[in-house]
Amino acid sequence: MKIDVLALFPEIIAPALETGILKRVQEADKLTVNLHNLRDWATDKHKSVDDYPYGGGAGMILKPEPIFAAVAALNSEETAHIIYLTPQGTPLTQGVAESLSLETHLVLLCGRYKGVDERVRDRLVTTELSIGDYVLSGGEIAALVLIDAIGRVLPGALGDYESAHVDSFSQELLDHPHYTRPAEFGGMRVPEVLVSGHHENIEKWRYAEALKRTAKHRPDLLQKLELSEEDIAILKTAGLAE
Ligand SMILES: C[S@@+](CC[C@H](N)C(=O)[O-])C[C@H]1O[C@@H](n2cnc3c(N)ncnc32)[C@H](O)[C@@H]1O
């Protein structure tokens with residue numbers, strides 16, 4: 001997969017690409033990330049990429065010309081998804097990241113100031129994504145969040161590929177609790193079942209814990225699931241269902 005990032009401050013993203021899973025997937029040629037500075041497509045001698053808003057008001061707007069020129073250059077085959085990171089977009093979820101991981105070419109457009117000229121959104125952008133209901137000062141961090149979420153679910157990205165698919169949200173459930181050695185720490189013991197070596201019981205325990213945790217912290221996720229009678233019994237015993 002190739003990801004082109006168009007930003008005013010691409011240097012925010014660069015260091016994170018040199019660490020951990022993102023570094024590994026690039027070294028393994030599963031992912032290529034190219035960072036581009038929008039100013040490279042500015043046409044005037046001041047390299048300006050923003051201008052005052054028509055109608056007045058505070059804040060600057062990213063001009064359409066450099067963005068159209070950049071996308072034309074980066075998407076010459078016209079096969080890429082052009083994604084604008086914006087708080088007004090569809091929420092980025094695990095499902096969105098997994099489906100985007102199957103694409104071959106993404107162009108991520110990072111806004112700044114008040115955002116981009118609306119004609120960019122009307123004509124160029126194919127998908128708008130938000131990383132949450134809050135406003136960042138620029139789209140670079142949002143683009144990095146998206147790249148990271150995609151990078152780790154690329155086939156073969158993780159040593160144990162399965163492990164990405166049992167993380168939170170993969171089955172509309174939050175992940176179950178995890179423990180490592182020592183078996184007792186500060187008077188707190190690891191649940192007995194985990195040291196029993198009984199795999200079936202361990203799986204049952206993990207599922208029940210994931211279910212209870214989701215009911216407690218993200219009941220909205222459970223609405224999307226068809227709970228079995230056994231599930232409801234687990235929740236009732238934990239005082240999480242009536
Ligand atoms: C200050 S924000 C502009 C906010 C815009 N005026 C609005 O209210 O929708 C500047 C840029 O940061 C990025 N951004 C801010 N919050 C974001 C979020 N929650 N998700 C994705 N991108 C975000 C977008 O690229 C946006 O163009």
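Helix α2 (residues 64-74) has Pro66, Ile67, Ala70 and Val71 as its buried residues. They cover an arc of only 125° around the axis, which puts them on the same side of α2. The arc is taken from the directions that lead from the helix axis to the C-beta atoms. The buried residues of α2 pack against β1, β2, β4 (61-62), β5, β6 and α4.

This is a predicted model, in which local features need pLDDT of at least 70, side-chain atom pairs count only at pLDDT 80 or more, and totals for chains, interfaces and linings use all residues. Residues are numbered from 1 along each chain as its sequence is written.

**Terms**

- A residue is buried if 20 or more other C-beta atoms lie within 10 Å of its own, exposed if 12 or fewer, and partly exposed in between, with C-beta atoms placed from the backbone.
- Two residues are in contact if their C-beta atoms, placed from the backbone, lie within 7 Å.
- Helices (H or I, at least four residues) and strands (E, at least two) are DSSP runs, numbered from the N terminus.

**Leu124**

- Leu124 has its place in the loop between α4 and β7.
- Leu124 is partly exposed, because 19 other C-beta atoms lie within 10 Å.
- Leaving aside neighbours within four places in sequence, Leu124 is in contact with Ile67, Phe68, Val71 and Ile82; of these, Ile67 and Val71 are among the buried residues of α2.
- Leu124 and His176 are 52 residues apart in sequence, and their C-alpha atoms are 41 Å apart in space.

- Strand β6 (residues 105-110) is mostly covered, with five of its six residues buried.
- Strand β1 (residues 2-7) runs parallel to β6 and is joined to β6 by five bridges; strands count as paired if DSSP finds at least two bridges between them.
- Tyr84 stands opposite Leu109 in β6, and Leu85 has Cys110 as its bridge partner in β6.
- β5 pairs in the parallel sense with strand β7 (residues 127-130) over five bridges.
- Leu85 has a bridge partner in β7 too, namely Leu129.
- A right-handed β-α-β unit is made by β5, helix α3 (residues 94-100) and β6. Right-handed means that, with the strands pointing away from the viewer, the path from the first strand over the helix to the second runs clockwise.

**Loops and backbone geometry**

- Asp29 lies in the loop between α1 (20-27) and β2 (32-37); phi of Asp29 is near 60°, a positive value in a residue other than glycine.
- Asp29 counts as exposed because it has 7 C-beta neighbours inside 10 Å.
- Tyr113, in the loop between β6 and α4 (118-123), is a residue other than glycine with a positive phi, near 55°.
- Tyr113 has 17 C-beta neighbours inside 10 Å and therefore counts as partly exposed.
- Arg181 and Pro182 are joined by a cis peptide bond, with omega at about 5°.
- Pro182 is found in the loop between α5 (140-151) and β8 (184-185).

**Helix α6**

- Helix α6 (residues 199-217) has 19 residues, which at 1.5 Å a residue should span 27 Å; its end C-alpha atoms are 27 Å apart, in agreement. The expected span is 1.5 Å times one less than the number of residues.
- Leu211, Lys212, Thr214 and Ala215 are buried in α6.
- Seen down the axis of α6, its buried residues fall within an arc of 165°, so they line one face of the helix.
- The exposed residues His199 and His217 are carried by the face of α6 turned away from its buried side.
- The cover over the buried residues of α6 includes α7 (219-222) and α8 (229-237).

**Domains**

- The domain assignment gives the chain domain 1 (2-161) and domain 2 (171-237); such bounds come from an automatic or database domain assignment.
- The centres of domain 1 and domain 2, taken over C-alpha atoms, are separated by 37 Å.
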